[in-house]
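Hello,

Here is the structure I promised to pass on to you. Have a look at it first, and then read my notes below.

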Amino acid sequence: MLVTDVRFEHHREAMGIGEDMPRVSWKTVTDIVGWRQAAYEIEMAWPGGIREPWSSGRIGSDESVLVPWPATRLDSRERRQVRVRVWGEGDAEPSLWSEWSSVEAGLLRPADWTAQLISPGWDADSSVPQPAALFRHEFSVTSPVESARLYVTAHGVVEMEINRTAVSDDVLTPGWTSYHHRLRYHTYDVTDLLREGPNAIGACVGEGWYRGRLAWGEGKRNVYGDRAGLIAQLEIRYADRRVMAVGTDSRWQCGQGPIVSSEIYDGESYDARLERPGWSAPDHVAADPAAWSPARVLPFDASTLVAPVGPPIRRTQEIAPVEILTSPSGKTIVDFGQNLVGRVRIRVAGEAGRQITIRHAEVLEGGELGVRPLRSARATDRYILRGGGTEEWEPRFTFHGFRYAEIDGWPGRLAPDDIRAVVCHTDMERTGWFEASEPELEKLHENVVWSMRGNFVDIPTDCPQRDERLGWTGDIQVFAPTGSFIYDCAGTLTSWLRDLACEQLAARDRMPPLVVPNVLNTKLDAAAWGDAAVIVPWVLYERYGDVEILRAQMESMRAWVDGVAAKAGDRAIWDSDWQFGDWLDPSAPPDDPAAAQTDTGLVATAYLARSAEIVGRAAELIGDGETAGEYAALAARVREAFNDEYVTPTGRMAADSQTAFALALEFGLLQKPEQRERAGRRLADLVHDNHYRIGTGFVGTPLIADALCSVGETQLAYRMLLERSCPSFLYPVTMGATTIWERWDSMLPDGSINPGSMTSFNHYALGAVADWLHRTVAGLAPGAPGYRRVVVRPQPGGTVTHAGATHETPYGRARVAWRAEGDELTVDVAVPPNCTASVYLPGTDDPAEVGSGEHRFRTTYPRPEYPPKPRIVRPAIEEV
């Protein structure tokens, strides 16, 4: 037995965390089949032996995920080493100790901050983009250094240097939060960057989300403030135990550098002739004193400073061009073969003053860049050469969504080795994979992965390319189950939910905004969007086993449901407000994406029932039985009202649409078995009548396949999944898509771009079907929170002859892979240690219960009829 991967809370890197009693998790690796933990022991040590090691002693428990911190609280800056060993059931001897894992607290109290907020000393026109500001300060290190930590944040985005060396590989630090409520700071170990004698620290600060342009059209600037700023606190601990602090204050100097402008939407302009070599090195100012002036100190509230709970944005991949094209108009266009999010890095040599312009787009139209979907976002970077040799450049404070880059002004002929696409996103750990015998299904899943990568740029966004890129609540509400399988996004979404609660509970009506952080003036309480306040915490609980997320978000969850219940009134029907409804239903015209087939009141009332039920279940889990009963009763009352208003006694729906029936079936809104049976038949008829094309938008798409399977129409679900005509899941794949589109027909069959103003080629919401691929096509689903029990229930169908899914659960790696050969079905199952699995083979209702380890099952499984025949066959009509 080996104990591995000891972690704290949801941190992969536990440096400068904000929890003083972080929960501990670990995994056990063993080849013992059916192994279960019976007890554990946690040991702690202090660096340098400043205290004797501490042990919890043997604790009888089978828990190994988010185990309560057993020792004294961490103090600010305190670092401890932790290791774990375990006993299996019946074991007299424990496992070997795990390797030591480090956890270090950040600055836990506002009083720990001595640094001040500094801003450029000059006044500037805040109504237009401004150059990035440089800040610097010199200090002396007087004796050998034991350790040094840099705590840093910004009103804007920042990159830090010490003695000409970057302190980290993070991008767009500190990311985007609801700055008035929560401003994240990051902690860096900079011990190795210091030297005895003179030292210098520098920061380059761009406008970022803090004061750059946000939202569509002309947008708005200065949402959070009209001055960029920096807060940095360097703490040096000498070998003799003395501590020296170097913090931002009026002694710091500021100046301008080569970043002339840098905007999230519009791109970055960089004039290499304005570079200041050695600007973050000692004695630089002495050579150029006129370029530097004192920084200005501004007031700020240190109580808003919080440590991150998720990973930062980083560069995660470089992609070489697959082709360099010449457009019909003679433009040079680089095709990277993949729609991605990040920026372009170039290597170039040319004369001083030459400007290279890089324009970005996701698609080509008529052989030229298709920039209309960007709307007002210019997505253009400019680099002016300094001359004198080879120069390498990559923008620092912007990002783009693109597959194609148009290059203008290049000296000579552009070669493939001169240019790379640099992929940037939140550095989450990959945890989920899918495979299938149908290459187009694998491509569909890979497109979902790339859309998640591109839309998790610190917050979960709707799209990464146009003048939007906002944290739309509805998108993540439908995508959270898929996202939490593919990547470990627990920390990222926990942070986002904290912002949601801050924005919501500070509002007069205590209702969540449409986007988080909230930069819109629109006041709209929308079903399926506001329900993110309830459903996203519930998904995190189910997938990561974190009941505390429910406790932390309970006030927010209740406030949303209470607000909607008040709108629904005594009728318990919410049909009084404008709604997004089943947004981007394929029948909606390009200029009216809310014009769906499904009544918006039906959608809103269905979601009220669902969210009320979840709040009741969550309250029960955190020990609040009274509240649990209150919301369970509300859910029952809404379900009854839904039936009275929208369902006939025989199970027909007021809205005869795929989404209406999917909602009723999946949200448990049909009270009688005969209603459910009739609804299932009608849903099947609708799918047949629509020639197996998708008829759902944002709301119905995550539910439609599950709804069909729940009424015995699994083969019909496969027929819809494998359809290739427009609109369908595979139509974009046939059109060469490498990400999920916002619209089913973002690109029309003739290769032209959909004329609607909302036409993104990277939008993960409709990729929510991947959750069904994992749970049903492959057959791997959580049966208990955090996958403590795995449900294996593959449902083969269609032309798929083998499929599988692998997921790195909080307990270890789980895997299901099945293969059908003739009438024999083989299912291979891997169950992590300390877990169990319920294995349902097709055609059986009683599961095989197995423990951890590798298992193989074989069964006779005659292939079901495929393609399925419609219940009512329409006669062919001969044209006369």
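Strands β39 and β40 (residues 789–792) run antiparallel to one another and are joined by three bridges. Within this pair, Ala781 has Val791 of β40 as its bridge partner. A word on the terms: strands here are DSSP runs of E with at least two residues, helices are runs of H or I with at least four residues, and both are numbered from the N terminus. Two strands count as paired if DSSP finds at least two bridges between them.

Before going further, please keep in mind that this is a predicted model, where local features need pLDDT of at least 70 and side-chain atom pairs count only at pLDDT 80 or more, while totals for chains, interfaces and linings use all residues. Residues are numbered from 1 along each chain as its sequence is written, and side-chain values use heavy atoms, with hydrogens and water left out.

The β39–β40 pair belongs to an open sheet of four strands, in the order β39-β40-β44-β45, with mixed pairing. Its edge strands, each pairing on one side only, are β39 (780–782) and β45 (848–850). From one strand to the next, the twist averages 25°; the axes behind this angle are lines fitted to C-alpha atoms, and angles run from 0 to 180 degrees between N-to-C directions. Moving along the sheet, β40 pairs with β44 (residues 836–839) in the parallel sense, over four bridges, and Val790 has Ala837 as its partner there. β44 and β45 then run antiparallel, joined by three bridges, with Ser838 opposite Glu849 in β45.

A second open sheet is made of six strands with antiparallel pairing, in the order β13-β12-β17-β10-β20-β23. Here the edge strands are β13 (165–166) and β23 (293–294), each of which pairs on one side only. Inside this sheet, nine bridges link β10 (residues 133–141) to β17 (residues 197–206), again in the antiparallel sense. His137 has Ile201 in β17 as its bridge partner.

Next, the spaces in the model. They were found on a 1 Å grid over the protein atoms alone: a cavity is a set of points where a 1.4 Å probe fits but cannot get out, a pocket is an open set with protein on both sides within 12 Å along at least five of seven lines, and lining residues have an atom within 4 Å of a point. Grid points are joined across faces, edges and corners, and a volume is the space filled by probe spheres set on the points.

The largest pocket has a volume of about 1,100 Å³. Its lining counts 32 residues, and those nearest its centre are Arg610, Glu666, Asp706, Asp771 and Arg775.

The largest cavity has a volume of about 290 Å³, and of its 19 lining residues Arg7, Lys27, Asp488, Tyr544 and Pro810 lie nearest the centre. That lining is made up of five nonpolar, seven polar and seven charged residues. The second largest cavity holds about 140 Å³ of space. It is lined by 21 residues, with Arg184, Gly310, Pro311, Asp458 and Ser495 closest to its centre. Helix α5 (residues 490–506) gives the most to this lining, with five residues.

Finally, some details of the backbone. Most residues other than glycine have a negative phi, and most peptide bonds are trans. Two peptide bonds to look at are Thr173 to Pro174, which is cis with omega near 5°, and Val516 to Pro517, also cis, with omega about -5°. Pro174 sits in the loop between β14 (170–171) and β15 (183–184), and Pro517 in the loop between α5 and α6 (532–544). Arg241 has a positive phi, near 80°, and is found in the loop between β18 (229–238) and β19 (243–247).

Enjoy exploring!

Definitions and conventions:
Ala, Val, Leu, Ile, Met, Phe, Trp, Tyr, Cys and Pro count as nonpolar, Asp, Glu, Lys and Arg as charged, and the others, Gly among them, as polar.
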